[in-house]
Amino acid sequence: MRVCDFCLSPVEVNYDYKAMAGVLSREKIAEGPFTMWRYRSLLPVEGKEEIDIGTGFTPLLKADNLGRELGLDEFYIKNDCLNPTYSFKDRAVAVAVTKAREFGFDTVACASTGNLAASVAAHAAKANMKAYVFVPANVEPGKLVGVAIYKPNLVTVDGSYDDVNRLCAELAQRYNWGFININLRPYYAEGSKTLGFEVAEQLGWRPPDCVVVPAASGLLFTRIWKGLQELAMLKLIGPVNTHMYLTQATGSSPIVNAFDAGSLHVHPVLPNTMVTSIAIGNPADGYYALMVARQSGGGAQAVTDEEAIEGMKLLAQTEGIFAEAAGGVVIAGVKKLAAAGIIKRGQLTVACITGAGPRTQEIVSDVVRPFHVKPNLESFSEVLGVQV
Ligand SMILES: Cc1ncc(COP(=O)(O)O)c(C=O)c1O
C-alpha cells in the first residue's frame with residue numbers, strides 16, 4: 001500500500017523514536033560502515049542483508065573558490081555524483097530494492113528520467129532480480145548506455161516523464177512487480193533521508209543554515225528536511241533552523257510557480273527544458289515540498305537553461321566537479337539567491353549536487369576548443385603564442 005485508502009495521502013514509514021532515544025548515539029553511528037548503511041537504525045529494513053553497492057557517505061567539500069564567486073563565506077558542496085551509479089538515486093533505490101526482496105518480489109521496475117533507471121538496474125543486477133525500467137524516449141544517449149550496461153529490460157516510451165509515470169502506474173496494477181517509485185515509494189523516499197543525515201554528521205553533528213536542492217517530484221527536498229528533523233528529535237543534533245531552498249529549471253518549474261504565487265497547489269506544466277533529469281511537470285510531492293519551503297523559512301528559485309549551463313561550467317571551473325545540468329540548476333539558483341541577499345554571506349550553505357556530468361556531456365560540448373598543433377615545437381609556439 002502506498003497511499004492511505006481514506007485520504008489518498010502518501011503512506012509514511014514510522015519508527016519507534018522513543019525506543020531509539022538514548023540508544024542510538026553519534027558514537028554508535030560512527031562505528032558503522034562508511035556508506036549510507038551507517039544509519040540503518042533510521043531506515044525501514046528488517047532483514048539482515050541489505051543490497052549494498054557502496055552508496056553514500058559522499059564527500060562534503062568546503063567550496064571556497066565557488067563561495068568567493070557567489071559571495072558566500074561558508075559554502076559547501078555535497079557531492080552525490082560520487083555514488084556508484086553517479087547520482088543520489090542510489091540512496092533511495094538501495095532501500096527500496098532491499099525492501100522489494102524482503103517482500104518476496106523477484107522483479108523490480110521504475111518510471112525514470114534516466115538516473116533512477118540506472119540505479120534500479122544496477123541494484124537489480126547485484127540482487128539477482130529482474131528489472132524493467134521505463135524512460136522517456138528523448139533521454140540523452142549517454143544516459144541510456146549508463147542504464148543498458150546493467151542489462152535490465154529497458155523500455156523507452158513515446159512521451160514525457162509524466163506519460164511514463166502514468167503507464168507505470170497502470171502496469172503496477174497488473175504485474176506483481178516492485179515498482180520502486182510507485183508501490184515501494186514509501187521506502188524509496190526513506191533512502192533519500194540519508195543525504196540529510198550525512199550533511200549534519202559531516203558538519204560535526206550540526207544542521208546547516210541553508211540547503212539548496214534540485215527538485216523534480218520534490219521528494220529529495222522533503223526527505224533531507226525529514227532527516228534533519230529526525231536527528232534533532234533523537235538529540236543527535238541541536239534544533240534545526242535550516243532554511244530549505246528548492247531549485248527548478250524555468251521550463252519545468254511547477255513547484256516554484258506555486259511558491260511564487262503563495263499557493264500550496266501545484267498546477268501541472270508540460271516540461272520544456274534541457275534539464276531532463278528534473279523535468280517533471282506533475283510533481284508527486286509538490287505540496288509537501290511547498291510546505292517544507294514555507295515551514296523552514298526557505299524558498300524556491302527557478303533558473304533558465306542558459307543559467308544552468310553557466311552554473312555547470314562555474315562549478316567545474318572553480319571546484320573541479322563536473323555535475324549534470326541539475327547541478328547547474330542548483331549553482332545558478334544559489335547565485336541568484338545570494339545576489340538577492342536571500343542567502344546571506346555568513347550563512348553556512350550546502351548545495352546538493354545530485355548527479356554527474358559525463359553522461360550528459362553533449363549539453364556543454366561547446367567547451368571543447370582545443371589548441372590544434374602539429375607535432376613539433378614551432379607549431380606549438382605559433383598556435384599557443386608562447387616562446388619555446
Ligand atoms: C540528478 C537529479 N537530481 C535531483 C532530482 C530530483 O529528485 P526528486 O524527484 O526527489 O525531486 C532528480 C530526479 O530524477 C535527479 O535525477
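Axes are lines fitted to C-alpha atoms, for helices over the stretch in contact, and angles run from 0 to 180 degrees between N-to-C directions. Two residues are in contact if their C-beta atoms, placed from the backbone, lie within 7 Å. The structure is a predicted model; local features need pLDDT of at least 70, side-chain atom pairs count only at pLDDT 80 or more, and totals for chains, interfaces and linings use all residues. Residue numbers start from 1 along each chain as its sequence is written.

The protein chain contains 14 helices and 10 strands. These elements are DSSP runs, numbered from the N terminus (helices: H or I, at least four residues; strands: E, at least two). The C-alpha atoms fill a box of roughly 75 × 45 × 45 Å along the principal axes. For 388 residues, a compact globule would have a radius of gyration near 21 Å, and the protein chain, with 21 Å, agrees. The radius is taken over C-alpha atoms, and the globule rule is 2.2 Å times the number of residues to the power 0.38.

The chain is divided into domain 1 (60-86 + 190-367) and domain 2 (88-185). The bounds come from an automatic or database domain assignment. The C-alpha centres of the two domains lie 24 Å apart. Their contact takes 24 residues from domain 1 and 22 residues from domain 2. On the domain 1 side, helix H8 (residues 185-202) gives the most, with 5 residues. That side of domain 1 has 7 nonpolar, 13 polar and 4 charged residues. In this classification, Ala, Val, Leu, Ile, Met, Phe, Trp, Tyr, Cys and Pro are nonpolar, Asp, Glu, Lys and Arg are charged, and the others, Gly among them, are polar.

Strands pair if DSSP finds at least two bridges between them. Strand E2 (residues 75-79) runs parallel to strand E10 (residues 349-353), joined by 5 bridges. Phe-75 has Thr-349 as its bridge partner in E10.

A second open sheet has 4 strands in the order E5-E4-E3-E6, with parallel pairing. Strand E5 (153-157) and strand E6 (178-179) stand at its edges with a single partner strand each, so one side of each is left without a neighbour in the sheet. Strand E3 (residues 107-111) and strand E4 (residues 130-136) pair in the parallel sense over 5 bridges. Cys-110 has Val-133 as its bridge partner in E4. Helix H5 lies across E3 and E4, at about 170° to E4.

The ligand is surrounded by 18 residues, and the closest are Ala-216, Ser-217, Leu-220, Thr-354 and Gly-355. A residue counts as near a molecule if its C-beta atom, placed from the backbone, lies within 6 Å of it. Both domain 1 and domain 2 give residues to this shell, so the ligand lies between them. The largest share, 3 residues, comes from H9. By class, the shell has 9 nonpolar, 8 polar and 1 charged residues.
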